[in-house]
Every structure is written in C-alpha cells, then in structure tokens.
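These notes are meant to be read beside the sequence and the coordinates. They take up each chain in turn, then the core and the contact between the chains.

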Amino acid sequence: MLHIINKSPFDASSLDTCLRMAQPGHALLLIEDGIYAAAKGSAVESRVAEACTKFSVFALQPDMDARGMTGKLMDGITLTDYAGFVDLVEQHNTSHSWL
Amino acid sequence: MKKFMFVNRKAPYGTIYALESLEVVLITATFDQDVSLVFIDDGVYELVKGQQTKGIGIKNFSPSYRALEGYDVEKLYVDRASLDQRGLAESDLLVPVEVLDAQQMGELMAQQDVILSF
C-alpha cells in the first residue's frame, strides 16, 4: 500500500495519523507541502527517521526543488520524479491520498 | 464488486468535506459496491449525537448516517485514539460502529481497492 501526504507536518495531522496506521512494508510518498517532513533538522525529523526504518519513504524532487529544500533532504528518504510517482502508484494495489 | 473505503478526517460544518463524503458514499452504494466508512481525527465529530444546526442555518445531515443501513452500508469504523483524544466514547455516537486501533485500521486500509479521502 502507498500513502501519499501533501500537507506540511506543521499544519496538518495527516502525517502523524498516517504514521500511526501504516503497516511495515508500506510506502510513503511526500509531495507538495508534505515534503517539509523530509527536511533535516526539523521537529518531526525523529518521527520521520523512525518511519524510514519501517516503510519505504519517498519525496517528490520537483516539489523539494520548488521549495528550496532539496539540500536539506534527510538520509533514508529517496527522491523521485513524476515518472517515479506513477511507478509507485502502479506498483501498489492500494493508494491513499491523505487529505 | 470493488472494495471502496471512505476516510473521513474533518469535522462536520466548518468545511464541506463531511457532507460531500456522505453524498459520494450514497452514490457508491447505489452501484452495489462494498463500502466501508472510517472516521479518524476530527472526522469522529461527524458522528456525535445531538447535532442542532438551526442556529447556523446549515442542514443537519447527521441523521443521514442512520439511513446508511438502508443502502446496505453497514461497515462503519472509528479510530479509538481519535475518540480518546477528544474525550468521546462510543456511547456519544449516533450510529453503531466498530472501534478499531491504529493497526487494525491500517490493515483494513491495505485491503481496499479504492480509498477516497475527505
């Protein structure tokens, strides 16, 4: 299963709730304002680092680039592009775009 | 038949999401699909008993949750931690639900064909 998060972790509960419910082996893709969770040094870093040990975590590079955050990418998160986004959706039976 | 899950995470009257979700649920049920509703985070407020909306001039759509049974929509699941955080108990809700923990909720999500988030 693929979980897609598009809200900043500082503005919305979607990342926290998603991390509570996601099961080992699920994938997590951060897009739009969701990419702020992928940055080093933030208050959610330890939670996201823990998530990286249980899930495959991806961040959409065009959204990281647009926000000037690519240089702050945490270890353990894989950057992907739009084609990679499509591949992730195709590889998982179920996708959930958390609102 | 596909398994559809509607994930409700917003309180009822501050935004249009809760009402829109309910409408799509009813449409989906008409097409004879396997429908589950889950209520997480502020979405649990959608099911609170005793809603009186006369004063805000918006239709009280909460009785519609009680009508879902008539459309064979009987799978309603509520996240236990979301209830607890808000000081709510199952007895505060206007319909019978199954209360699940986060792991059960995550497993249920992964079994779906389609998930629509509101």
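Predicted model: local features only at pLDDT ≥ 70, side-chain atom pairs only at ≥ 80, totals over all residues.

1. Chain A, order of elements.

2. Chain A, overall dimensions. The C-alpha atoms of chain A fill a box of roughly 30 × 30 × 25 Å along the principal axes. The radius of gyration of chain A is 12 Å, which agrees with the value near 13 Å that a compact globule of 99 residues would have. Buried residues make up 35% of those 99 residues, and among the contacts in chain A between residues at least 6 apart in sequence, 69% join residues at least 24 apart.

3. Chain B, order of elements and dimensions. Chain B also comes to four helices and five strands, and read along its sequence the pattern is β-α-β-α-β-α-β-α-β. The radius of gyration of chain B is 14 Å, close to the 13 Å that the globule rule gives for 118 residues, so chain B is as compact as a globular protein of that length. Its C-alpha atoms fill a box of roughly 40 × 30 × 25 Å along the principal axes.

4. Chain B, burial, contacts and confidence. Of the 118 residues in chain B, 35% are buried, while residues 24 or more positions apart account for 72% of the contacts in chain B with a separation of 6 or more. Chain B averages a pLDDT of 96, and 100% of the residues score at least 70.

5. A strand pair in chain B. Strand S1 of chain B (residues 3-8) pairs with strand S2 of chain B (residues 34-39) in the parallel sense, over six bridges. Within this pairing, B:Met5 stands opposite B:Ser36 in S2 of chain B. Strand S2 of chain B is mostly covered, with five of its six residues buried.

6. The nonpolar core. In soluble globular proteins, nonpolar side chains tend to be buried together. Here the largest nonpolar core has 54 residues, and those with the most contacts inside it are A:Leu28, A:Leu29, A:Leu30, A:Ile35, A:Ala38 and A:Ala59. To follow one of these in the viewer, select A:Leu29, which, leaving aside residues up to four places away in sequence, touches A:Leu2, A:Ile4, A:Phe58, A:Leu60, A:Phe85 and A:Leu88.

7. The contact between the chains. Twelve residues of chain A are in contact with 15 residues of chain B. On the side of chain A that touches chain B, helix H1 (14-21) and strand S5 (95-98) each supply at least two residues. By class, that side of chain A has five nonpolar, six polar and one charged residues.

8. Helix H1 of chain A. Is this helix of chain A mostly covered or mostly open? Helix H1 of chain A is mostly covered, since six of its eight residues are buried, namely A:Ser14, A:Leu15, A:Thr17, A:Cys18, A:Leu19 and A:Met21. What covers these buried residues comes from both chains, and includes strand S1 (2-5), helix H2 (45-54) and strand S5 of chain A, together with helix H4 (102-110) of chain B.

How values were computed:
Residues numbered from 1 in each chain as written. Chains lettered and ligands numbered in written order. Contact = placed C-beta atoms within 7 Å. Nonpolar A, V, L, I, M, F, W, Y, C, P; charged D, E, K, R; others polar. Rg over C-alpha atoms; globule rule 2.2 N^0.38 Å. Buried ≥ 20, exposed ≤ 12 C-beta atoms within 10 Å, placed from the backbone. Core = buried A, V, L, I, M, F, W, Y, C linked by C-beta atoms within 7 Å. pLDDT = per-residue confidence, 0-100. Pairing = 2+ DSSP bridges.
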